[in-house]
Number of protein chains: 2
Amino acid sequence: MTEQATRKVTMDKLVSLCKRRGYIFPSSEIYGGMGACYDYGPLGVELKNNVKACWWRSVVQERDDMVGLDASILMHPQTWVASGHVDGFADPLVDCKQCRKRWRSDNIAGEKCPECGGDLTEPRMFNLMFKTHVGAVEDEAAVVYLRPETAQGIFVNFENVLSSTRRKLPFGIAQIGKAFRNEITTGNFIFRMREFEQMEVEYFVVPGSDEEWFRTWVDERVKWYTDLGISRENLRLVQHGVDELAHYAKSCTDIEYLFPMGWSELEGIANRTDFDLKQHAGHSGKDISYYDEDTKEHIVPYVIEPSAGVDRSVLAFLVDAYDEEPDKDEIRVVLRLHPDLAPVKVAILPLSRNEKLLPLSQDIYNNLRRCWMVQYDNAQSIGRRYRRYDEIGTPFCVTIDFDSLEDNAVTIRERDGMKQIRVPIAELKATLDAKLCGQPFEVLPPGGKKWLGFEE
Amino acid sequence: MTEQATRKVTMDKLVSLCKRRGYIFPSSEIYGGMGACYDYGPLGVELKNNVKACWWRSVVQERDDMVGLDASILMHPQTWVASGHVDGFADPLVDCKQCRKRWRSDNIAGEKCPECGGDLTEPRMFNLMFKTHVGAVEDEAAVVYLRPETAQGIFVNFENVLSSTRRKLPFGIAQIGKAFRNEITTGNFIFRMREFEQMEVEYFVVPGSDEEWFRTWVDERVKWYTDLGISRENLRLVQHGVDELAHYAKSCTDIEYLFPMGWSELEGIANRTDFDLKQHAGHSGKDISYYDEDTKEHIVPYVIEPSAGVDRSVLAFLVDAYDEEPDKDEIRVVLRLHPDLAPVKVAILPLSRNEKLLPLSQDIYNNLRRCWMVQYDNAQSIGRRYRRYDEIGTPFCVTIDFDSLEDNAVTIRERDGMKQIRVPIAELKATLDAKLCGQPFEVLPPGGKKWLGFEE
C-alpha cells in the first residue's frame, strides 16, 4: 500500500475522466449496463488502436522472424477438446445457502459466506467458455464456443502458415483479437472483463533452445512497455511456482503492473512446450510438425507465448500517464501519454473566434490532419482549452494568433513542460514531425515522465 | 454473364491463390473446417488491416465531422428488443419431409424440395442471432446475443458521445467490429460468413436534411472504392424498392460489385430516420436527443448509415486486382492492389545468395522496414522471386546486385509495368516514399489498372 501512497491516480478518478472525456463508457449504459463489458469512446478507440498498432509494429513489422494472423472467434469445437479447455477450463463455485450469493471457492478462505456468514454448498466446477449453437435448430445444432484465448487459432493454422510462408525455425505468429470468458469474479474497470482483447505471440523454437528464447521474450516485452513510457518501477516480474502452472506450461513469468488496486498481471510469458501442437496432431489425425532441411528430421517445435491483454495495457498506460500538478489555484490534470499512443496528436487552437483567424487556422488544420489525428477547437478561453488537451493527453497545441497573420508563424505549446516556441508555418509540419516521430521518450523519475520537448 | 466473360479471375483461382500464398485459410481446417468461417493468414491480415485503416482515415481522420467508437460485441439484451431484432430478425425456414434438407422458403420457388422433390413443411421463423448465457448456471443466467450488427453499439452510446465530445449536428460516429449471424445459406468464400466484420458510419443530421446527406454519402462511398482502385464499371448502385426496405429504413441504396458469382451487395447506405434513437429512448426511459442551442429545441436526429463489409471489401479488392498476362511461355499472375492496400510494400531481393551481397542487402532491409511492411527474400532465381511478389501484389522490388557494391545504387522494379530504374541508395527511401504515398492511382481501362510508375 505504501508503494501507491505517492501516486496521484485512483481508479475512481480515472473512471470519471474516461467517461467525461470519451475514453471509456460502461457498455449498454442506458439499459443499466452489461456486466463487465465496456465500450471505447472516441478517444478510447484511438488509444486502443494505437496500442495495437505499436504492438504489431514491434512484434511483426520490425522483426524478420514474425508473421501475423487473424483467425475467427468461432472455431471447430474439437479445438477446445484438444486444447484441454472443454475438460479443464473451469472454476470451482460455491453458493451461500443463506443469501444465495455465488463465490469462487478458491478465492475465499473458510467454509462460511464472506457476505453473510451462511453455510456454503460443496464446490461445483463451472466451465468459463461461452457456448452457442450453429445451425437452424438449437437442439440439433452443433455447440460451438466463443474462443477463451486467441492462441489456438494460431496452433490450428501452424501448417497453413508454414506452407504459405516457408519460414524456418525459430519464427513466430502474432495475433490480436477478441476472447471471451464467462468470469464469475469481474471488476476493476477494464481489468477483468467478460469480453476482452488479446495480443498474443506464439514463437516456435527448436526444443532445447526454448529456455533461452523464454528469457529473451520476457526482456523484449518489458522493454516494449517501458519504451512506451511505463515506469520500470511500476513493473515487476513474477515467476509461477510449479503448482501454479497451467496444464500446458513448463514455466511462466507474469509481467505485473502496479495498478490502483495493487500489483496485477499485465502480460504472461509462458513456455507452452510442444503440448498444443501435439494435442492438435493427435485429435485431428494430421501431421503437425516442422521439417528440418539440414537434419532431415521432423520436429514438433516448442512454443514460447508472450500473451498480453489489450485492455489491461490500455489501463496501465492510462494509469501510468495520469498526473496532477498545482497550477495557480487549480490542479492541472495531465495525461502524459507517449506521443505514439496519444489519441489526438495535435490540437489547432485559434486564439479567439474572431473571423480573421478562421481561414489560416482551418488551412493549417486541413493540412495537418492528412498526417495525424488532429482536432480543431475554438471554444472557450485558450487557457481552458490547454487544460482540456492536457487532460486527454494531446502532446502539442498549435495556437494561431493575430500576429500569425503578419509574421506567418504560430506557437507550439508542449503538454508536459508547457514550454512554447514560435515556429514559421512553413516549418510547422517538419517541426511536429520531428517531435512526434523522431524523439526518444525520456523517463525522468521522480518528477514523472517527460519526453524530450524543446531544447532550451 | 457476358459482363464477366472478359475477366480473368474466377473464385476458384482466387481461393487457391489465397490459401497458397497465405491470404485466407478455411477456419479450423485441420478439423474439417468451421462452417462459413475463414481465417486471415499472414498476407490477409495485413490486407484486411490496410482496408480498415484506409476506411478509418477516410471517414474519421480526414473529416472534421466524425468521431470513432468501439463498442463491445456482448450488449444488454434489451438492445435487441428495442432495435426490433428479437422479434423481426428472422428467416422463414422449411424442411424437406423426405431428405430432411433445410431451406430458406423465400429462396426457393414452389412447394417441393429443390434437391429431391419431396414435400416441404410449413415455414417456421428462425432468428439469426446467436444466443449465449452470461452467469454461472445456464438456466438461471441472462440470455445475451452476439451482436448481429455493430450499429446498435453506436445508438446506445449516442448521449455518451454527445456529452463527451460536444459535437454539433451534422456529425457522425464510425465503428469497425465483428458481427455474427447464424445464416442458413452461406458461401461464396468470404462473401457470406457467419462471423464477419463491419465498417459502419451512423451520421446524425437535422431531419429534413437527410435526403441530401443520403445522396452525399452514396457518392462519398463510391469514391472511396474507386480511389482505392476498384474499376467504376464493376460497381453499380441499386435502390431498394419500398417493399424491400428493412423495418427501420426510409430508403436504401446498395453499392453492388461484380463479384465472380455476379452482382452482389458490397455496401448498403440506408436512411434509418429517427427509428433507432426513438426506440432506445422508449425502451430505456432515457432522453435521447440533441439540444439545438440556436433554436432552443430538442431534436431527435435522422441517421444516414453507410454500412460496409470488411470481408466483402477485401474480396472485392482482391477480385478487382487479379490479373493475368502472357509472359514468354508462362502466365504472369499479378495482383494489382493499390499500394495503400498491398500487404508487403517492398521486397528486398539480393541478386544471389552470394555472401558479398548480404551486409548491404540486410542493411537496406533493416532500414526500410522501420517505414513499411517489407520482406527480405534470397531464395530461388530473381525471375521467380519477381513472379512471387507480383502474385501477392507487392508494388516494388529492390534488387541488390554486384554493381551495387561499387556504385552504391540499386534497382527498383515496379510490379505493374515491370519497368526498372536505377536509384542511388541514398535516394532509395525518398524515391519509394514518393511512389508509395504521393502518387495518384490512375485507372487505365481496358488494359487493367495501373498506378503511376516511373516517368519515361
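Axes are lines fitted to C-alpha atoms, for helices over the stretch in contact. The structure shown in these views is a predicted model.

**View 1. Crossing of helix 3 and helix 10 in chain A.** The axes of helix 3 and helix 10 (residues 310–321) of chain A come within 10 Å and cross at roughly 110°. Because angles of 65 to 115 degrees count as roughly perpendicular, helix 3 and helix 10 of chain A are described as roughly perpendicular to each other.

**View 2. Residues in contact between helix 3 and helix 10 of chain A.** Helix 3 of chain A contributes A:Leu47, A:Lys48, A:Val51 and A:Lys52. These meet A:Val310, A:Asp311, A:Ser313, A:Val314, A:Phe317 and A:Leu318 of helix 10 of chain A. By class, the contact comprises six nonpolar, one polar and three charged residues. In an α-helix, residues three or four places apart point the same way, because there are 3.6 residues a turn.

**View 3. Length and burial of helix 3 of chain A.** Helix 3 of chain A covers residues 42–61, and its end C-alpha atoms lie 27 Å apart. This agrees with the 28 Å that its 20 residues should span at 1.5 Å a residue. Of these 20 residues, 16 are buried, so helix 3 of chain A is largely enclosed by the rest of the structure.

**View 4. Relation of chain B to chain A.** Among the residues of chain B, B:Thr132 comes closest to the rotation axis, with its C-alpha at 2.6 Å. The copies meet through the same surface, because 100% of the interface residues of chain B are also interface residues in chain A.

Definitions and conventions. Residues numbered from 1 in each chain as written. Chains lettered and ligands numbered in written order. Predicted model: local features only at pLDDT ≥ 70, side-chain atom pairs only at ≥ 80, totals over all residues. Heavy atoms only, no water. Helix = DSSP H or I, 4+ residues; strand = E, 2+ residues; numbered from the N terminus. Expected span 1.5 Å × (residues − 1). Buried < 20%, exposed > 50% of the residue type's maximum accessible area, 1.4 Å probe, protein only. Axes fitted to C-alpha atoms, helices over the stretch in contact; angles between N-to-C directions. Parallel < 35°, antiparallel > 145°, perpendicular 65-115°, else oblique. Contact = heavy atoms within 4.5 Å. Nonpolar A, V, L, I, M, F, W, Y, C, P; charged D, E, K, R; others polar. Least-squares fit on C-alpha atoms with pLDDT ≥ 70 in both.
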